[in-house]
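My notebook is open, and the model is up on the screen beside it. Here is what I looked up, entry by entry.

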Amino acid sequence: MVELEDLKDPFQPKPFYEISQLKSFDEAFEREQATQELNESNEQNTVSEEGGEEQEEEAVPLTLEERENKDYLKSLFEILILMGKQNIPLDGHNIDELPEGIFTSDNFQALLEYRINAGDELLRKRFEMTAVNLEYCSKTQQKQMLEICESCIREETLREVRDSHFFSIVTDEVVDIAGEEHLPVLVRFVDDSHNLREEFIGFLPYEADPEILAVKFHTTITEKWGLNMEYCRGQAYIVSSGFASKMKVVATRLLEKYPQAVYTLCSSCALNIWLAKSVPVVGVSIALGTIEEVYCLFNQSPQLLVELDNTISVLFQNNEQKGNQLKEICRSQWTGRHDAFEVLVDLMQALVLCLDAVGNDSSVRWNNFIAGRAFVLSSALTDFDFIVTIVILKNVLSFTRAFGKNLQGQTSDVFFAASSLTAVLHSLNEVMENIEVYHEFWFEEATNLATKLDVQIKLPGKFRRSRQGNLNSELTSENYYKEVLSVPTVEHIIQELKDIFSEQHLKALKCLSLVPSVMGQLKFNTSEEHHADMYKNDLPNPDTLSAELHCWRIKWKHRGKDIELPATIYEALHLPDIKFFPNVYALLKVLCILPVMKVENEKYEIGRKRLKAYLKNTLTEQRFNGGHLH
């Protein structure tokens, strides 16, 4: 069977997660053949300067065996690319999911067999010579094919990024790949068609030491992937609890080298969730993990959701509107909402009662896994430490909820949110100055909820055990949670808001007044010149910026009555006459790639969606660090 190490010369697979990028393999081969013929022609016409040396030998045409190998590999890659386009994992069922004695081939083998049965004589001939007990295409060969595709896809994406010049870097939550932690890395850029794209480019092995991680992160981007960080205009990190402080070190080190790589929030993560994950309190990390486990348990079982619906109906029979609203929320990704902690507090009693009913059910209605998880999670939810944690998070983050929601809203909402940060910080500072009073109210709410759930109000067991009976009698539960939870949480959120919304970040958001609809809301009385100064070196004609901005304002101020003002950067970038405003176009393009700005057209956010699909459909031990295929 042909070895895949020699594959690159006869066959170069093209990026395939965008279907339009690979119309057909025949077309790909024709382009490759045409290139080879052109090179051969150039070689034949090449003579030495003296003119006396012989021309280079003509390229030897492919033998029959080489042609068959090439066609065979073409068939394999066509199947692989089809699976990539359709988000079909290469592996089939987990062996634990199958009844004993039942064997089923993986998805790749199954499609190979289907293609053979459909009349692919080349494949049939190839595998008629294969031993009966051997796989048609081994896992090793599949991995080699994946690596080749990964390399081609990444290089094509990076070529587009380099052509675009400016880009931003975004990382997603740390994932487990074959037992090792990796960071998924995505890149944002505006392509030749003026569309904002967010594409996955690879996994980066995670390092426990943040300084080492920062160095390797920079080295991978610049040396391995060949991107010039001088053109990086934004960086954002969506992190799991416990990783936030380390990624902040990475952001700081990059900012020291590249001051224009603005550290921002990512549009795909609600501000309040991002803030909660960054709180350096162990109890908060544990609570967030518990919340996610509860969500996953109910999300994987429609029967459990029906059970929860019934419980909500009973508890909210006097307020059906509220009950119906909670039922609808339970069927969404509610753990990622701006008001996730308010929703959780409202749902607490229903969740506990439902989990208790499932965990203590003596019938065979629920399998052992669901019943066991329900019992464990019910115990976790009815721990007073968990209750007081979510109540305090709910109250502290209520001050940032509207601000965060606006950041994920329309362009005008993002612009005006930048102006409201001062008020948000003022409110949180006022809370910090009067933390005794605020904590007293928060703790009272937590105790009332605990009483409703019949939960004992006490100090955490781990704290009591650590003191080994030497507890200070004056230390109450209320004072304990004020010192270990309320005070550090408020202090941290204030500092995080200051760090993530730096002066440079806010100046960039102020430049959103370039968008005509924002300009209109400001009665065309705007001053982008002052805020745009940070991007002066990114402009094609900085000396004419002031005059160009004046013309841009006049254009929209005196527009026809039937002309609507473009409401987003996406709409402005696609204006037919945007080419007559080169500086405005350059500014909009840079603003567009800031991670805090949402991708207006969902089809250009496909990189993140395929990454999520890959992680969902693939067992951790079967993943490899090139997930481009999905």
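**Ground rules.** I call a residue buried under 20% relative accessible area, exposed over 50%, and partly exposed in between, using a 1.4 Å probe and protein chains only. This is a predicted model, so I kept to its cut-offs: local features need pLDDT of at least 70, side-chain atom pairs count only at pLDDT 80 or more, and totals for chains, interfaces and linings use all residues. Residues are numbered from 1 along each chain as its sequence is written, and side-chain values use heavy atoms, with hydrogens and water left out. Helices (H or I, at least four residues) and strands (E, at least two) are DSSP runs, numbered from the N terminus.

**Entry: salt bridges.** I began with charged pairs. Side chains of opposite charge can pair when their charged atoms come close. My rule asks for a side-chain nitrogen of Lys or Arg within 4 Å of a carboxyl oxygen of Asp or Glu. How many salt bridges does this rule give? The count is 29.

I looked at Arg 159 and Glu 156, whose closest N and O atoms are 2.7 Å apart in their salt bridge. The two sit 3 residues apart in helix α5 (residues 139-164), which means that about one helical turn separates them. Glu 156 is partly exposed at 23% relative accessible area, and Arg 159 is partly exposed as well, at 38%.

Next I took the salt bridge between Glu 307 and Arg 365, with 2.9 Å between the closest N and O atoms. Glu 307 belongs to helix α10 (residues 302-315) and Arg 365 to the loop between α12 (340-359) and α13 (368-381), so this pair ties together parts 58 residues apart in sequence. Are the two partners buried or exposed? Glu 307 counts as buried, with 15% relative accessibility, whereas Arg 365 is exposed at 53%.

Glu 436 and Lys 482 came after that, forming a salt bridge whose closest N and O atoms are 2.6 Å apart. Helix α17 (residues 435-452) holds Glu 436 and helix α19 holds Lys 482, so the pair ties together parts 46 residues apart in sequence. Lys 482 is buried, at 8% relative accessible area. I also noted a network of salt bridges linking Glu 160, Asp 191, Arg 197 and Glu 199.

**Entry: Ser 477.** I stayed with helix α19 (residues 477-500), where Ser 477 lies. Which residues does Ser 477 touch, leaving out those up to four places away in sequence? I found Phe 443, Lys 458 and Leu 459, taking contact as heavy atoms within 4.5 Å. Ser 477 is buried, with a relative accessible area of 14%.

**Entry: strand β1.** In strand β1 (residues 167-171), 5 of the 5 residues are buried, so the strand is largely enclosed by the rest of the structure. Phe 167, Ile 169 and Thr 171 point one way, while Ser 168 and Val 170 point the other way.

For pairing I required that DSSP find at least two bridges between two strands. β1 pairs with strand β5 (residues 232-237) in the parallel sense over 5 bridges, and Thr 171 stands opposite Tyr 237 there. With strand β3 (residues 180-190), β1 runs antiparallel and is joined by 4 bridges. Val 170 has Leu 186 as its bridge partner in β3.

**Entry: rings.** Rings of Phe, Tyr and Trp (its six-membered ring) pair if their centres lie within 6.5 Å; planes under 30 degrees apart count as stacked, over 60 as edge-to-face and the rest as tilted. Searching the whole structure gave me 16 aromatic pairs.

One of them joins Phe 217 and Tyr 237 edge-to-face, 6.1 Å centre to centre and with 65° between the planes. This pair links distant parts of the chain, 20 residues apart: Phe 217 in helix α6 (residues 210-224) and Tyr 237 in strand β5. Both Phe 217 and Tyr 237 are buried.

Trp 552 and Phe 581 have ring centres 5.0 Å apart and planes at 70°, so I logged this pair as edge-to-face. Both Trp 552 and Phe 581 are buried.
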